[in-house]
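Here are a few exercises to work through with the model open beside you. Try each task before reading its solution.

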Amino acid sequence: MQVKWVYENVTGFDSFYSRFNLTLLITSVCLWRKYHPDHKLILYVDRLTFVKLSYLDIMHLWDEVKPLIYNEKINREKLWAGCKSKIVSQADGPFVMVDHDFLIFTNIDKFLKDEVLYTYDESTEETYVDKNETILEVLSEPIKFSQDLAANVSLLYLPDKNFAAEYGNRVLKNHIELTQALGRDMHSGFLTLSEQFMLKEMLVEKNIKHKTLSKNIFCNSKVKYLEQTNNI
C-alpha cells in the first residue's frame with residue numbers, strides 16, 4: 001500500500017517550518033511506519049521544503065521523496081490543500097493520503113479494501129460557505145447540496161484510481177475558478193466546501209461505498225462531536 005504525505009510551504013517564509021509542525025510531520029510518518037511496516041511511504045515536497053528537510057536530515061524517514069510539480073494558478077494561502085488534490089488527481093492505484101498532523105496508533109490494513117475510507121464526518125452548519133452565495137455560480141460544475149455532511153480528509157483512502165482522478169481534478173478546477181473570480185478575497189470556507197463537502201456529495205451521488213474511522217460527527221463551530229458512538 002502506498003501512503004502519501006504532501007508538504008508545501010504556501011507562505012514562502014521559513015517560519016512555516018515551526019518546531020511544532022515539523023515534530024508533527026516526523027511523528028506522523030514514524031507512527032505509520034511502526035504500525036504499517038510493509039507500506040511504501042512517499043513524501044511530496046516543494047523546493048523550499050526539500051531544502052529544509054534535507055538540512056534537517058530526515059528524508060530517510062520515507063521510502064521515497066518526490067518533487068511537488070504543481071503549477072496551477074490558485075490562491076495557495078487560502079486554498080492550501082490544493083497540493084494534496086494535485087497528487088490525488090495523479091493516482092495510479094489504491095493509496096492513502098495522510099495530513100502531516102495525523103497521528104495513528106494502530107494498524108488499519110483490514111479497512112483498506114474496496115471502500116473509500118476517511119477520518120470522520122463533519123456537520124456543515126455555520127462554518128461552511130453559505131449554500132446561497134452567488135460566487136458559487138462561477139463554478140463550471142456546480143456543487144450540489146443534497147446532504148449536509150462533509151468528509152474530513154486528514155486521512156483519506158481511495159481504492160479506485162479513476163474516482164481519485166475525477167475527484168482530484170474537480171477540486172483543482174474549483175480552486176482555479178474560485179481564484180479567478182475572487183483572487184485573494186476569499187476565506188477558507190471555500191476550501192472545505194470544495195475539498196471536503198464535495199467529496200461527501202460525490203460519494204453519495206455516485207453511490208460509492210465509503211466509511212469513516214470514527215462514526216462520531218464533528219461540529220467545528222462547537223468544537224466537539226455531536227454524537228458519541230463507537231469507532232469502526
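Helices (H or I, at least four residues) and strands (E, at least two) are DSSP runs, numbered from the N terminus. The model is a predicted one, where local features need pLDDT of at least 70, side-chain atom pairs count only at pLDDT 80 or more, and totals for chains, interfaces and linings use all residues. Residues are numbered from 1 along each chain as its sequence is written, and side-chain values use heavy atoms, with hydrogens and water left out.

**Exercise 1. Find where Asp57 and Asn207 lie, and work out what their phi values are and whether they are buried or exposed.**

Step 1: Asp57 sits in the loop between α2 and β3 (64-67). Asn207 is in the loop between α5 and β7 (210-212).

Step 2: check the backbone. Asp57 isn't a glycine, yet its phi is positive, near 60°. Asn207, also not a glycine, has a positive phi of about 55°.

Step 3: check the surface. Buried means under 20% relative accessible area, exposed means over 50%, and partly exposed is in between (1.4 Å probe, protein chains only). With 56%, Asp57 is exposed. Asn207 has 68% relative accessibility, so it counts as exposed.

**Exercise 2. Describe how α4 packs against α5.**

Step 1: get the geometry. Two packed helices are described by the angle between their axes and the distance between the axes. Axes here are lines fitted to C-alpha atoms, for helices over the stretch in contact, and angles run from 0 to 180 degrees between N-to-C directions. For helix α4 (residues 161-182) and helix α5 (residues 189-205), the angle is about 145° and the axes are 10 Å apart.

Step 2: get the hand. A crossing is left-handed if the near helix is turned anticlockwise from the far one by less than a right angle, and right-handed if clockwise. α4 and α5 cross in the right-handed sense.

Step 3: list the partners, taking contact as heavy atoms within 4.5 Å. Among them are Phe163, Tyr167 and Leu178 of α4, plus Phe190, Met198 and Leu203 of α5.

Step 4: sort them. Ala, Val, Leu, Ile, Met, Phe, Trp, Tyr, Cys and Pro count as nonpolar, Asp, Glu, Lys and Arg as charged, and the others, Gly among them, as polar. The contact of α4 with α5 then splits into eleven nonpolar, three polar and three charged residues.

**Exercise 3. Work out how α3 meets α4 and what covers the buried residues of α3.**

Step 1: the axes of helix α3 (residues 82-89) and α4 come within 7 Å and cross at roughly 145°. This crossing of α3 and α4 is left-handed.

Step 2: on the α3 side, Gly82, Ser85, Lys86, Val88 and Ser89 make the contact, and their partners in α4 include Ala164, Gly168 and His175. Sorting the residues of this contact of α3 with α4 gives six nonpolar, six polar and one charged.

Step 3: eight of the eight residues of α3 are buried, Cys83 and Ile87 among them. The cover includes β1 (2-7), β2 (40-45), β4 (95-98), β6 (149-158), α4 and α5.

**Exercise 4. Which residues does Thr106 contact, beyond its neighbours within four places in sequence?**

Step 1: look in the loop between β4 and β5 (116-123), where Thr106 lies. Thr106 is partly exposed, at 45% relative accessible area.

Step 2: the contacts are Tyr35 and His36. Thr106 and Tyr35 are 71 residues apart in sequence, but their C-alpha atoms are 5.9 Å apart.
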